[in-house]
Amino acid sequence: MSAAPQPAAPALRAVVPAPLLEIERVAHVYRSALGEETTALDGVSLAIPRGAFVCLLGPSGCGKTTLLNMIAGFVTPSSGRILVGGEPVQGPSPSRGVVFQDYSLFPWLTAGQNVAFGPRMAGLGAAKRRASAQALLELVGLPNVADRYPAELSGGMKQRVAIARALATDPQLLLMDEPFAALDAMTRAALQRQLLDIHAARSKTVLFVTHNIAEAITLADRVIVMSPNPGRVAADVAIDLPRPRARTGAGFVALYARLADALGAEGTE
Ligand SMILES: Nc1ncnc2c1ncn2[C@@H]1O[C@H](COP(=O)(O)OP(=O)(O)OP(=O)(O)O)[C@@H](O)[C@H]1O
C-alpha cells in the first residue's frame, strides 16, 4: 500500500538584503563636437551591498571616473540604469557624497564653511551647521582649521576637509575618485587609515577609484578590476584579509599578484 502523497514542503528562502547600489548593463558613449565617438564603458553590471568598501581598479582610460560620475548623477548613461537604494539616479543628490582628486574646495569659503555648505543648502540653521562642521573636522583630525581658507592648508589637510564636506549631508554612499593620488606616501597612508576608521565608525558604503593595486588591497573588501577599450568589468575579487593589512604579509602579496594578473598587460603602477 503506498503512502498518501505529502504536500510539498515550502521552499526555504534566504532573506538577502537588496544591494544599496545596482548598476545594470550600463554603457556610455562620449560624442565630441566633431561627431567623434568614444565608448567609455560597455555592459557594466555590478551590485554593491550596504556598508561595503569597494575599490574600482584599472588603468588610465578604462572608464572609472565616467562610472563614478554616472553614480554621482553628473553624467547620464547612454544605456542601462543605475539604482541607489532602489531608486534610479536622476541627478546629483545629498545622499551621495563625492570626493575628487583635486580637493575641489571652494577657495572663497573657510574650511568650516566648505564643510557646512551642503547642510546650508539643505536649510540647516547657522549654529547647528557650524557645530556639525566642527564635529566633522574633528572626525577627520582637523580640530583647529575651521576658520582657515583652503589656500592656507596642505594637500592632505585639504583632502581631509573634502572628506568632511562629503560626509556633512550624511550620505548613504561615499564616492571617491583617486582622492589620495596627489598626496605623498606618508600622508596617503595616514588618510587611508583615517578613512577606514570613518568607514567602520559610520557604516558608510564606499566606492573608491584608484589605479594603485596596494591601495586597493589596503582599503577594500572587494576590488572590481576594469579593462579598457571599452571599459568593462574584468574581475571581481574579494579581499578577505584581516585589518590592518601588512603589505609584506603572504595574503597581501598573493592578492597583489592576482590583481596584477587581472590587470594584465594594462597593469598600472
Ligand atoms: N568629456 C569627455 N569627452 C570625450 N571623451 C571622454 C570624456 N571623458 C572621458 N572620455 C574618454 O572616456 C574614456 C574613459 O575616461 P575616464 O576618465 O572615465 O577613464 P579613467 O579610467 O577614469 O581614467 P584615469 O585613470 O586616467 O582618470 C577615455 O577614453 C577618455 O578619453
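Predicted model: local features only at pLDDT ≥ 70, side-chain atom pairs only at ≥ 80, totals over all residues.
**Exercise 1. State where Pro-230 is placed and how it is joined to Asn-229.**

Solution. Pro-230 belongs to the loop between strand 9 (222-227) and strand 10 (232-238). Asn-229 and Pro-230 are joined by a cis peptide bond, with omega about -10°.

**Exercise 2. Describe the phi angle of Arg-25 and name the element that holds this residue.**

Solution. Arg-25 is not a glycine, yet has a positive phi of about 45°. The residue is found in strand 1 (residues 21-31). For comparison, most residues other than glycine have a negative phi, and most peptide bonds are trans.

**Exercise 3. Describe the two domains and the side of domain 1 that touches domain 2.**

Solution. First, the bounds: domain 1 covers 21-95 + 172-264, and domain 2 covers 106-170; such bounds come from an automatic or database domain assignment. Next, the separation: the domain centres, taken over C-alpha atoms, are 25 Å apart. Domain 1 gives 10 residues to the contact and domain 2 gives 11 residues, where two residues are in contact if their C-beta atoms, placed from the backbone, lie within 7 Å. On the side of domain 1, helix 5 (residues 185-202) supplies the largest share, 4 residues. By class, this side has 8 nonpolar, 2 polar and no charged residues. Here Ala, Val, Leu, Ile, Met, Phe, Trp, Tyr, Cys and Pro count as nonpolar, Asp, Glu, Lys and Arg as charged, and the others, Gly among them, as polar.

**Exercise 4. Characterise the shell around the ligand.**

Solution. The ligand is surrounded by 13 residues, and the closest are Tyr-30, Ala-40, Ser-60, Thr-65 and Thr-66. A residue counts as near if its C-beta atom, placed from the backbone, lies within 6 Å of the molecule or strand. Strand 2 (37-48) and helix 1 (64-72) are the elements that give two or more residues. Helix 1 provides the largest share, 3 residues. By class, the shell has 3 nonpolar, 9 polar and 1 charged residues.

**Exercise 5. Determine how helix 2 packs on helix 4 and on helix 3.**

Solution. Helix 2 (residues 111-121) and helix 4 (residues 155-167) pack at about 25°, with axes 7 Å apart. Axes are lines fitted to C-alpha atoms, for helices over the stretch in contact, and angles run from 0 to 180 degrees between N-to-C directions. Helix 2 is therefore roughly parallel to helix 4; angles under 35 degrees count as roughly parallel, over 145 as roughly antiparallel, 65 to 115 as roughly perpendicular and the rest as oblique. The contact of these two helices includes Phe-117 of helix 2 and Val-161 of helix 4.

For the second pair, helix 2 and helix 3 (residues 126-139) pack at about 120°, with axes 9 Å apart. These two helices are therefore oblique to each other. Their contact includes Pro-119 of helix 2 and Leu-136 of helix 3. By class, this contact has 7 nonpolar, 3 polar and 3 charged residues.

Methods. Residues numbered from 1 in each chain as written.
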